[in-house]
Structure formats: C-alpha cells, structure tokens
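Have the viewer open as you read.

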Amino acid sequence: MITRRTFFKLLAGTAAGILTLGGYAGAVEPLLRLETTRYKLTPPNWPKGQKLRIVALADFHACEPWMPADRIASICDHANTLGGDVIVLLGDYISGMKLVTGPVAPEAWAKALSRLKAPHGVHAICGNHDWWQDKQAQLQRLPETFSHKALRAEGITVHSNTAVKLGSEEHPFWIAGLEDQWAYLTSRHTQRGLDDLPGTMAQITDDAPVILLAHEPDIFPNVPERVSLTLSGHTHGGQVNLFGWTPVVPSRYGSRYVYGHKVEGNRNLIVSGGLGCSIAPIRFGSPPEILVIDLG
C-alpha cells in the first residue's frame, strides 16, 4: 500500500514536473530557442544545374513580451547569415493573443523586418491574423491591411495574388504570393478568403520554375504541378506537439499539413513551424524555426 508520506512525495513530484514542463513550454521554448531547419530537394522538372537557396520566416505574431521588436530584429540578423538567394515572409506579423503586456506597433515590427537582405530581395504575404486584427479592414472589407502598408513602407515586396520573375537570364524563377485564404471573418466559425490561385498563375508567362507563397497550407490540394514548391506557415507545427500528436491544428485537413515537407504526386509543400505563438503563449515540441531550403 502507498503510505501517506509516499503519496505526498508522489504528488509533490508530479506538481514539480508539471511546473517544470509549464515553465519550459511557456518560457524556454517560445522565448529562448531558435532552430534552423534545412531542406534539400529537387522538385520534378526543376531545371538542371539551377540552384536556389530560400530562407523562409513565418508567423512572428509581434507582441510584448513574447515577440518584441528587438527579438524580431535579432531573428532577422541571424536569417541574414544563412546565405539566402531570396528571403520570404509567410504572414501573420500581428498577434491575436490576449495574454500579452502590450502590442508592437506595425511600424516597429516592419522596421525590424527591413533588416532582412538577400540578392533577389525580400518577398512577403499576409496571413489571417493580419486581417483579423485590422478592424477597419474587416468592417469596410478593404482590399489590404495595415500589415500590407507597413511592409511596403519599408521597401518589402508584398504579394497579393501577384507574381514576379526573378533570377538571372540563365536561371530565372518566379515568386508568386496568394492573398490570405481566411481573410474576412463572416461569422464566429467561418471565413471568406481573398486568394486567387488561377489569377495568380495566369501572370506566369514562361516555363521558369515557380515558388508559391500561401499562408495557410490548405490550398495545396488545388496547387497545379506547374508549381515547383509551395511554402506555407499558419499551423505553427501544431504549437504543441506531444511526441507526434498535435491536438490543435488550424486546418480543415487536421494534421495532414501540420508541419514539414509533404509530397503529393509531383507536388511539393513545406510548412514552417513558425516563430511566434497564437491563442496562448506556449510552444512544446515545436520550437521557433527559420527554414533554409536548397533547391536543385
């Protein structure tokens, strides 16, 4: 039989374990860890001899004290050391959390992001929280948010169902960026997107490879094989990953696109675990990360 003393020792040990895990999930992993996750792949029909390094950052969710402007600047300085030919930002610069001590002004986080530098530039899309936290954009059904404007004011190219051709004459490539798939809140549980995949693809005028930026990975089943690689954020890798079990994933496909490199047919998707937190300021088993993707 378990004695009273043994019972309280077990209880104290369990409580200490819970507090330790809570401290790790609420402070160490979201605030102190930063991983560099690397992928190497050659998508089908990728031009022979063409190499491209993409550095991708997603889901900053700027706020005090979890993601202040100085931390964003530090992450960007590290990203600049990773040798990206092009840097992409995959949306959600704004925090929707209530457990914060204060907001970070768009001008401040955009200024921090302006430190990013790459030979073929910095290319951004916006995410659902950029739309949801902009009350004016929601009420007036505006075509863009203050996040679009803040990024553009700092010289960052912001894509909204647009495509641009980059690279050299010998090794060109396209960056195409979709507008958010959950942009407008129509009720508590439904959203209306502003994404236009056919219209975006129609802007691509030759057979150079295409990199598609889409905040939510849910678009992937509709992406044509013409796209060499789709890059997404949004899911935070589940944000809480209990040894492969992700209890909450904001996707109608559940855990199908929760994280990492996915291949379906001749199509490739990479989903970033992101950098910040949504809903609650915790991360467990899904540390903040920067992606480095080598193609070719």
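An open sheet of six strands runs in the order β1-β16-β2-β4-β6-β7, with mixed pairing. At its edges stand β1 (35-41) and β7 (157-158), each with a single partner strand, so one side of each has no neighbour in the sheet. Strands here are DSSP runs of E, at least two residues, and helices are runs of H or I, at least four, numbered from the N terminus; two strands pair if DSSP finds at least two bridges between them. β1 pairs with β16 (residues 289-295) in the parallel sense over seven bridges, and T36 sits opposite I290 in β16.

This is a predicted model: local features need pLDDT of at least 70, side-chain atom pairs count only at pLDDT 80 or more, and totals for chains, interfaces and linings use all residues. Residues are numbered from 1 along each chain as its sequence is written, and side-chain values use heavy atoms, with hydrogens and water left out.

Now the rings. The whole structure holds five aromatic pairs (Phe, Tyr or Trp, using the six-membered ring of Trp, with centres within 6.5 Å; planes under 30 degrees apart are stacked, over 60 edge-to-face, the rest tilted).

Y93 lies in the loop between β4 (86-89) and β5 (102-103), and W109 in helix α3 (residues 106-113), 16 residues apart. Both Y93 and W109 are buried (under 20% relative accessible area; exposed is over 50%, partly exposed in between, with a 1.4 Å probe and protein chains only). Y253 is partly exposed at 26%, while Y257 is buried at 1%.
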